[in-house]
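Biologist: I would like to learn how to read a model like this one. Can we go through it feature by feature?

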Amino acid sequence: MTDLLERPSSATPPSRPPRGSGRGRRSRLARAERRERRWHLGGLGSSGERPQPSRSLLVALVLASATLATLDLSTGSHSPLEPVRGAVADVVGPFESGTSTIVRPLAGVPDWFRSRSTLSDQVDALTQENQQLRSELNAAPYDANRLAEYDKLTAAASDLGTSLLPARVIGYGPAQSFSSTVTLDAGSDAGLRPDMTVVNGDGLVGRILRTSRSTSTVLLITDPDSTVGARVGDTLAMGFLRGRGVLGDDGRLDLELVDDSAVPARADTVVTWGSTGGAPYVAGVPIGRVTHVYSSVRETSQRIVVDPYVDFGALDVVGVVVPTGTQSDRALIGADGELGGQSAAGEAR
Amino acid sequence: MTALRAAAAAGAVVLAMVLQVSLFPHLAWQGVVPNLVLLVVVAVALTRDPQLALVTGFLAGALLDLAPPADHVAGRWALALTVVAYVACRVRPETRASALTVVSTVAACSFVGTSLYALTGLVLGDGVGSAGELLQVVALSLVWDVVLTPFVLPPLLALFTRLEPARMG
């Protein structure tokens, strides 16, 4: 410590007057200069040696970080930091919400600059798909009738009893943090609780980890910590789907089937298997399609790569599966696609 | 004046955090965004007395650890950014800093910060991908940080230099 404080005064000749010495008090000039050098005042442009940072403070702060990590790690979900996280979320949430409201219109700007050739390629692809769909449609009435019969049976057997609560993604965890999480602009005030399923128009997004009053944190299924019970739609083979922590275009998932002898076909659909009480995942939500199957004969295991339907690089509006009749500060979307719930909540107040 | 300087640093940190979480993901490259909070910490360390720089690094890291989308073990970014502040104070030039010095400081700090964060993840078993992915993320974030340096560091340095006690009289 002592050498750190002494170095400046011994190394620097008092050749240059400090910048703040224009006060006209000559008698205090020398003292002010000494003090300035010791506390290393002066801008980036000023010459003169600065004291190095205090080692004891560094050690104290490093130990404080270690304490934080220990507190958070050893106590798990009962971490004393959870209330702190909630408080920080309540303060920061509105800022994130506001910023993302401003940014949202600008984020769409690149789409305006698509070139003519990409657009014509897209038209070709869509025309082709349209033909394919048209041919499938010809066989559809029979399938639809059969499905309607089944639907009546299942609807009578069990009412799903769930609604969707719309929410917007207002913050993304950076890839530097090696975890795939996003923030939603709805929290416990909107009726959200941890372990609710989050979906969007394309398929399964993830589940809610924790909520504050106005925000909630969602663990995406691409996170390495995420495990989803899944089944292959065509064969009903069950397995576990794990994230690989890659966001962006190649957000692939690994499926591990319980029965290794069941080999799915390419482009088979993978849907959620569902848990008791619909937490954390409700059943039957489409997740993605099988793209590759790698099998290792020696280890008698196989790795199935699943391409998710959801584009995790461009999440915006998502829906959270909540029980019907949840008290919420916003409108719910019912199972029949009707908007409702807000009036009921209003009457309840 | 200390309160004013601390308020300026805190404001810059919060603004950087919000932009990093809400604005830059739209421009993300393989999910990697520029680490604006790290840039603010480096700027503080290049102008302010080192004690305040260390504290700013710790508090900014704690904010990154606790603010909403974060789900890792708290204290990891706090440790990484404290060390970043220390490194930036140590490598700070004795005389006037040239643009090259600032850029190389940012590059070194970005490398140290992201690697340290990843290493603590490995030690605590807190979900870090394979070594290849890890190096890719470290390299991409270094490139991002260096690219953003000419736009972010000069205004911050100007702001913090203006608030120096010597200037305030």
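Biologist: Over residues 98-119 of chain B, what are the percentages of helix and strand, and how far apart are the end C-alpha atoms?

Modeller: One caution to begin with: this is a predicted model. Over residues 98-119 of chain B, the chain is 95% helix and 0% strand. The end C-alpha atoms are 31 Å apart.

Biologist: Which residues of chain B does the UniProt annotation "transmembrane region" cover?

Modeller: The annotation comes from an unreviewed UniProt entry. Take residues 74-91 of chain B: they are 89% helix and 0% strand, with end C-alpha atoms 28 Å apart.

Biologist: How many helices and strands does chain B have?

Modeller: Chain B has 7 helices and 0 strands. Along the sequence, the pattern reads α-α-α-α-α-α-α. Of its 169 residues, 61% count as buried. Chain B exposes about 6,000 Å², and carbon and sulfur atoms supply 74% of that area. Now the contacts in chain B between residues at least 6 apart in sequence: 73% of them join residues at least 24 apart.

Biologist: And how many helices and strands are in chain A?

Modeller: Chain A has 7 helices and 14 strands. It has 349 residues, of which 37% count as buried. Its accessible surface is about 19,800 Å², with 55% belonging to carbon and sulfur atoms. Among the chain A contacts with a separation of 6 or more, 57% come from residues 24 or more positions apart.

Biologist: Next, a single residue. Where is Val112(B), and which residues does it touch, not counting those up to four places away in sequence?

Modeller: Val112(B) sits in helix H5 of chain B, residues 99-124. Leaving out residues up to four places away in sequence, it touches Val83(B) and Val87(B). The C-alpha atoms of Val112(B) and Ala80(B) are separated by 7.7 Å, though the two residues are 32 apart along the chain. Val112(B) is partly exposed, at 26% relative accessible area.

Biologist: Is Glu96(A) buried or exposed?

Modeller: Glu96(A) is buried, with a relative accessible area of 0%. It belongs to helix H4 of chain A, residues 81-107. Not counting residues up to four places away in sequence, its contacts include Ile170(A), Gly171(A) and Thr183(A). Chain B contributes too: Met17(B), Val18(B), Val21(B), Ser22(B), Pro68(B) and Pro69(B) touch Glu96(A).

Biologist: Which residues make the nonpolar surface patch of about 260 Å²?

Modeller: Val91(A), Phe95(A) and Val14(B) make it. Val14(B) lies in helix H1 of chain B, residues 2-22. Its relative accessible area is 32%, so Val14(B) is partly exposed.

Biologist: On to charges. How many salt bridges does the structure hold?

Modeller: First the general idea. Side chains of opposite charge can pair when their charged atoms come close. This structure holds 8 salt bridges over all chains. One of them joins Arg85(A) and Glu82(A), at 3.6 Å from N to O. Both residues lie in helix H4 of chain A, 3 residues apart, about one turn of the helix. Arg85(A) is buried at 4% relative accessibility, while Glu82(A) is partly exposed at 23%. Arg85(A) and Glu82(A) also belong to a salt-bridge network with Asp72(A) and Arg210(A).

Biologist: Which residue meets Asp316(A) in a salt bridge?

Modeller: Arg168(A) does, at 3.1 Å from N to O. This pair links distant parts of the chain, 148 residues apart. Asp316(A) is in the loop between strands E11 and E12 of chain A, and Arg168(A) is in strand E1.

Terms used: Residues numbered from 1 in each chain as written. Chains lettered and ligands numbered in written order. Predicted model: local features only at pLDDT ≥ 70, side-chain atom pairs only at ≥ 80, totals over all residues. Heavy atoms only, no water. Patch = residues over 30% accessible without salt bridge, like charges linked within 9 Å, V, L, I, M, F, W, Y side chains within 5 Å. Areas by Shrake-Rupley, 256 points an atom, 1.4 Å probe, with all protein chains shown as cover. Salt bridge = Lys/Arg side-chain N within 4 Å of Asp/Glu carboxyl O. Helix = DSSP H or I, 4+ residues; strand = E, 2+ residues; numbered from the N terminus. Buried < 20%, exposed > 50% of the residue type's maximum accessible area, 1.4 Å probe, protein only. Contact = heavy atoms within 4.5 Å. UniProt positions renumbered as here; feature names shortened; annotations may be inferred.
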